[in-house]
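Let us walk through a protein model together, one piece at a time.

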Amino acid sequence: MTAGAPRPKVGAVVLTMNDRPEEFPRAMASLLAQQGVDLDVVVVGNGCRPA
């Protein structure tokens with residue numbers, strides 16, 4: 001990217017059944033740590049009840 005250029009827009013959909021208590025936070029941390037992009041994240045709970 002060149003200076004002054006608009007940042008790329010990235011959308012991510014994360015599907016979860018809320019059955020991987022260790023992997024989910026690591027995956028989200030990795031996704032949210034991305035730099036140089038405008039990030040839009042949607043988390044979908046597939047058949048789970050949020051805590």
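Arg7 is partly exposed, with a relative accessible area of 42%. The word has set limits: a residue is buried under 20% relative accessible area, exposed over 50%, and partly exposed in between, using a 1.4 Å probe and protein chains only. The model you are looking at is predicted, so local features need a pLDDT of at least 70 and side-chain atom pairs count only at pLDDT 80 or more, while totals for chains, interfaces and linings use all residues. Residues are numbered from 1 along each chain as its sequence is written, and side-chain values use heavy atoms, with hydrogens and water left out.

Now find the partner of Arg7. Arg7 forms a salt bridge with Asp38, and the closest N and O atoms are 3.1 Å apart. This pair links distant parts of the chain, since Arg7 sits in the segment before strand 1 and Asp38 sits in strand 2 (residues 38–45), 31 residues apart. A salt bridge here is a side-chain nitrogen of Lys or Arg within 4 Å of a carboxyl oxygen of Asp or Glu. Asp38 is also partly exposed, at a relative accessible area of 35%. How many salt bridges does a search of the whole structure find? The search finds one.

What about the charges in general? The protein has 5 positive and 5 negative side chains, and the centres of the two sets lie 3 Å apart. For this count, Lys and Arg are positive and Asp and Glu are negative, with His and the chain ends not counted. The place of each charge is taken as NZ of Lys, CZ of Arg, CG of Asp or CD of Glu.

Next, trace the chain from its start.

Is Thr16 buried or exposed? Thr16 is buried, with a relative accessible area of 14%. Leaving aside neighbours within four places in sequence, Thr16 is in contact with Phe24, Val43, Val44, Gly45, Asn46 and Cys48. Contact means heavy atoms within 4.5 Å.

Val13 lies in strand 1 too, but Val13 is exposed, with a relative accessible area of 58%. Which residues does Val13 touch, leaving aside its neighbours within four places in sequence? They are Val42 and Val44. Although Val13 and Val44 are 31 residues apart along the chain, their C-alpha atoms are separated by 7.2 Å.

Moving on, Asn18 lies in the loop between strand 1 and helix 1 (23–32). The phi angle of Asn18 is near 60°, a positive value in a residue other than glycine. Asn18 counts as partly exposed, at 48% relative accessibility.

In helix 1 you can pick out Leu32. Leu32 is exposed, with a relative accessible area of 56%. Not counting residues up to four places away in sequence, Leu32 touches Leu39 and Val41. The C-alpha atoms of Leu32 and Met17 are 15 residues apart along the chain and separated by 20 Å.

Past strand 2 comes a segment that holds Arg49. Arg49 counts as exposed, at 78% relative accessibility. Between the C-alpha atoms of Arg49 and Phe24, 25 residues apart along the chain, the separation is 15 Å.

Finally, step back and view the whole protein. Its C-alpha trace spans about 45 × 20 × 15 Å along the principal axes. The radius of gyration is 14 Å, whereas a compact globule of 51 residues would have one near 10 Å. That radius is taken over C-alpha atoms, and the globule rule is 2.2 Å times the number of residues to the power 0.38. Buried residues make up 12% of the 51 residues. Among contacts between residues at least 6 apart in sequence, 70% join residues at least 24 apart.

Key
Helix = DSSP H or I, 4+ residues; strand = E, 2+ residues; numbered from the N terminus.
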